[in-house]
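Let's take a walk through a protein model together, one stop at a time. Have the sequence and the 3D view ready, and turn the model as you read.

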Amino acid sequence: MAVADKNGTGIGLYSLAVGLVYMLVGGAQFVNGFIGYETWIVPGDWFQGLVLVIIGLVFSWGYVLMRKGDHEWDSYLSIGSLLAGIIFMLYLFMMLANGLGWALATVPRWVFPEVPDWCLSFEDWLEWTPMEQFQPGLWLFSVAIPGAYLTLKAHMWNKSVP
Amino acid sequence: MKRVKAVLGDDPEIAFAERRYKMIGGILEECLTKTETGMTFSDKLDKVLLNKYLGIPIFLILVWALFQFSIEASGVFMVIIETALVTVGAFFGTLLEGNEMATSLVQDGIFGGFAFILPFLAPIFLMFLGIAWLEDSGYFARAAFVMDKLLRKLGVHGKTFIPMMLGFGCNIPAIMACRSIEGEKDRMISILSNPYISCGARLPVYVLFAAAFFPGFEGSVIFSMYMLGLAVAIFTAWLLRKTLFKGEPEPFIMELPIYRVPTLRESVLHMWERGVVFLKKAGTWLFLGAIILWFMSAFGPAGYLGIDPDVSVSYTGILGGLIQPIFAPLGFDWRLGAALIFAFLAKEIAVESLGIIFAVEGDIAIGGALAGVFSPATAAAFMIFILLYIPCVAAVGTIKSETNSWKWTLFSVVYSIIIAYVIAAIAFALLSAIGLGVIGGA
């Protein structure tokens, strides 16, 4: 089962657009990492930037193959979506883990009249906010969701073939 | 063999494999009716994951994600384990109140040592979980296939990469896995290059130093260490092929499993199988190491040095002082020198010994103490030395049993020390040149 049987061109253009967005944001993050420039939406980290650029390249590669008439171009959309999903899950898990640290650092302070000794070990998380994990790899996934949905649908259909 | 090669017109193994699959294909053609033609989902994934240009970058993304996952998400779990151990240690300490030496042994030696090591169960288990996902999904076999193209150019057998991937968990089963490589020369190259792959035991050292000296970049720093280990392993394999084991690598034939979604139960089971090795080690080697370390740090030529002793006059201090001049060009003092000696038992003991030498409790405290004494350049050189010098005593024993030669075992030990020293010295010089040679310079 192909990801894009009908409306191939539309999905191909979508793949290109997602690829360009990933490459643009990843490129900005890569440059920010080198020059030490930080914005809340694109913090500097050259390695994370490089990761996003490669994901963008995978998405865009599919469009180039589609233009060349390769019928299997949608594999690139699937893998691009899969990689984008993995990076999204990674930041989500990091957010949940640090959220637990924040909860252990703050909740006992509300519950107990005196701060328990063990609670002091989690002081590093007192100032933590979810924004710290709000990395481009997390929010960029929103543009890759349709691709991930199509991939998942195709995979499920494939599995059900006797 | 040469005649068979001439008749078949190809390497016999490749020719046999080709004919075998042609025959299987023929039989399937006759007895199966296909309801759908075209590529399967697995084939489609392979088209991208085995792509000539994208295959290696995708592999690097997945490995990077694995380390980010295990390092960045494990911090809170490490603190939970550490807090529990310190609390239990303090409780047992109060039970022995009145006997200073016994309190010191239980509280500082045993529980103090465990409080440095056991928190690292969190990143180790998370890393093994990630490795299990990659393995169970069928991707690991593809990684070997992708890397084969690069390795073959360097004259290295593609199958060498499979033990290398296993080495991320533990070098001992990885060295043993080299038995599956047919050619004697290829097998020896695989065994002798495997110890440079960074095993789980080195992870606690990286986590400690990366958090203390490179905050905010821990994941990327640790990923770089793993990649450096991989690069040195490949370089060593290339060097051995060009010098001591000349010749062409045997052909690489491998059946790729189909992709599948790993189940949580299987992945957790695989994680546990690998992680429990670390737990067993904690109960045996690390326990023994903690007692030896406590003894050598609490006693000196003058006898028992008391609670909070001056470790520089203990046996540990004397031992570290003896080798300190050798490591001075890397920025190491007697404390790091002593940690390196003890780490020969098991690499994680480096963390335990630094905790006892600095006389602090817990990984956050030891990180702070280290950052106040050493520069980021020294920290990087130490991580590199830990990565590359002699693998643990058990791995050396495995090299001996697998090569069946003291000569090659000794070669492996000496070569690893030389390469660790040279690369650590280069890294120290380069990082010092860009301003990271001063304390607090990151």
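This is a predicted model: local features need pLDDT of at least 70, side-chain atom pairs count only at pLDDT 80 or more; totals for chains, interfaces and linings use all residues.

Let's begin with a helix and its surroundings. Buried means a relative accessible area under 20%, exposed means over 50%, and partly exposed lies in between, using a 1.4 Å probe and protein chains only. Among the buried residues of α11(B) are Asp186(B), Arg187(B), Met188(B) and Ile189(B).

Residues are numbered from 1 along each chain as its sequence is written, chains are lettered from A and ligands numbered from 1 in the order in which they are written, and side-chain values use heavy atoms, leaving out hydrogens and water.

Now step back and look at the chain as a whole. Chain B holds 22 helices and 2 strands; these are DSSP runs numbered from the N terminus, with helices being H or I of at least four residues and strands being E of at least two. Along the principal axes, the C-alpha atoms of chain B fill a box of roughly 85 × 45 × 40 Å. A compact globule of 442 residues would have a radius of gyration near 22 Å, and the 24 Å of chain B agrees with that. This radius is taken over C-alpha atoms, and the globule rule is 2.2 Å times the number of residues to the power 0.38.

How much of chain B is buried? Buried residues make up 55% of its 442 residues. Contacts, meaning heavy atoms within 4.5 Å, also tell you about the fold: of those in chain B with a separation of 6 or more, 75% join residues 24 or more positions apart.

Next, look for rings. Over all chains, the structure holds 36 aromatic pairs. Rings of Phe, Tyr and Trp (its six-membered ring) pair if their centres lie within 6.5 Å; planes under 30 degrees apart count as stacked, over 60 as edge-to-face and the rest as tilted. Phe59(B) and Phe161(B) form an edge-to-face pair, 5.7 Å centre to centre with 65° between the planes. Phe59(B) lies in helix α4 (residues 55–72) and Phe161(B) in helix α9 (residues 161–167) of chain B, so this pair ties together parts 102 residues apart in sequence. Phe59(B) is buried at 2% relative accessible area, and Phe161(B) is buried at 0%.

Phe295(B) and Tyr315(B) make a stacked pair, 6.4 Å centre to centre and with 20° between the planes. Since Phe295(B) is in helix α15 (residues 285–298) and Tyr315(B) in helix α16 (residues 315–327) of chain B, the pair ties together parts 20 residues apart in sequence. Phe295(B) is partly exposed at 40%, and Tyr315(B) is partly exposed at 34%.

Our last stop is Phe92(B), in helix α5 (residues 75–95) of chain B. Phe92(B) is partly exposed, with a relative accessible area of 35%. Leaving aside neighbours within four places in sequence, Phe92(B) is in contact with Val106(B) and Phe111(B).
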